[in-house]
Every structure is written in structure tokens, then in C-alpha cells.
Amino acid sequence: MSVRTRQFLLYSAMITVLALCLRLPWLYNALEYDELWSLQNYAPLSIGQILTDLGLPNNHPLNSLWLKIVAGWDSRVLLRFHSLLAGLGTV
């Protein structure tokens, strides 16, 4: 592995760890209005309804599907885990 490749990987890892450190404190905050709205109005629906009901702009089908899957555990961290991974993936 070349020096430039090692430097690139090192800097990428450092930036990703920094992004994780900046995002982690927000993971434990109270749920926001749009999160609660999606949890109450879309998580109880069937999977077919979640994926096809686009009448309101707050239904993000993959987010609503994730909320349906993890809603029973009653954990803010689990409810936001996919957002954390997506945020780190964009870095």
C-alpha cells in the first residue's frame, strides 16, 4: 500500500470519527415533532400502506418502515440509528 493511500485512509477515518463524535450527543435528545408524528401515524400501518401512502410529505417510506420495525423496543437510539448510519455514510 502506498503512502498516499495510507494517508487517505487515515484522514478518512479521522473525519469519520469526528463526524461520529459530533452526531452522538444528538442521538440521545428527546424525539422531535416530525419523528413523533411519523411514529404515531405511519408505524402502526401495514407495510404495504407505509410504502405506498405518499399523500403527506412527512412519510419517508424507508424511515417509516424502520420505525415500524423498532417501535416495540421503545429506544430513541434505535429509532435514530439508521439516520446515524446514513449521516456517517455521507461523510
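Okay, let's start at Val70, which sits in helix α4. Helices here are DSSP runs of H or I, at least four residues, numbered from the N terminus. Before I go on: this is a predicted model, where local features need pLDDT of at least 70 and side-chain atom pairs count only at pLDDT 80 or more, while totals for chains, interfaces and linings use all residues. Residues are numbered from 1 along each chain as its sequence is written, and side-chain values use heavy atoms, with hydrogens and water left out.

So, is Val70 buried or exposed? It's buried, because its relative accessible area is 2%. Buried means under 20% relative accessible area, exposed means over 50%, and partly exposed is in between, with a 1.4 Å probe and protein chains only. Leaving aside residues up to four places away in sequence, Val70 touches Leu78 and Leu79; contact is heavy atoms within 4.5 Å. Val70 and Arg80 are 10 residues apart in sequence, and their C-alpha atoms are 9.9 Å apart in space.

That brings us to α5. Helix α5 covers residues 76-90, and its end C-alpha atoms are 22 Å apart, which agrees with the 21 Å that its 15 residues should span at 1.5 Å a residue. That expected span is 1.5 Å times one less than the number of residues. There's a kink of about 35° centred on His82; the bend is the angle between axes fitted to the seven residues ending there and the seven starting there.

Which residues of α5 are buried? Leu79, Arg80, Leu84, Gly87 and Leu88. Their cover includes α1 (3-27), α2 (33-41) and α4 (61-70).

Now, Arg80. It counts as buried because its relative accessibility is 9%. The Arg80 side chain meets that of Glu35 in a salt bridge, at 2.7 Å, N to O. The cut-off is a side-chain nitrogen of Lys or Arg within 4 Å of a carboxyl oxygen of Asp or Glu. Glu35 is in helix α2 and Arg80 in helix α5, so the pair ties together parts that are 45 residues apart in sequence. Glu35 counts as partly exposed, at 25% relative accessibility. Searching the whole structure turns up 1 salt bridge.

How many residues does α5 give to the nonpolar patch? It gives 3, the largest share.

Note on methods. Helices (H or I, at least four residues) and strands (E, at least two) are DSSP runs, numbered from the N terminus.
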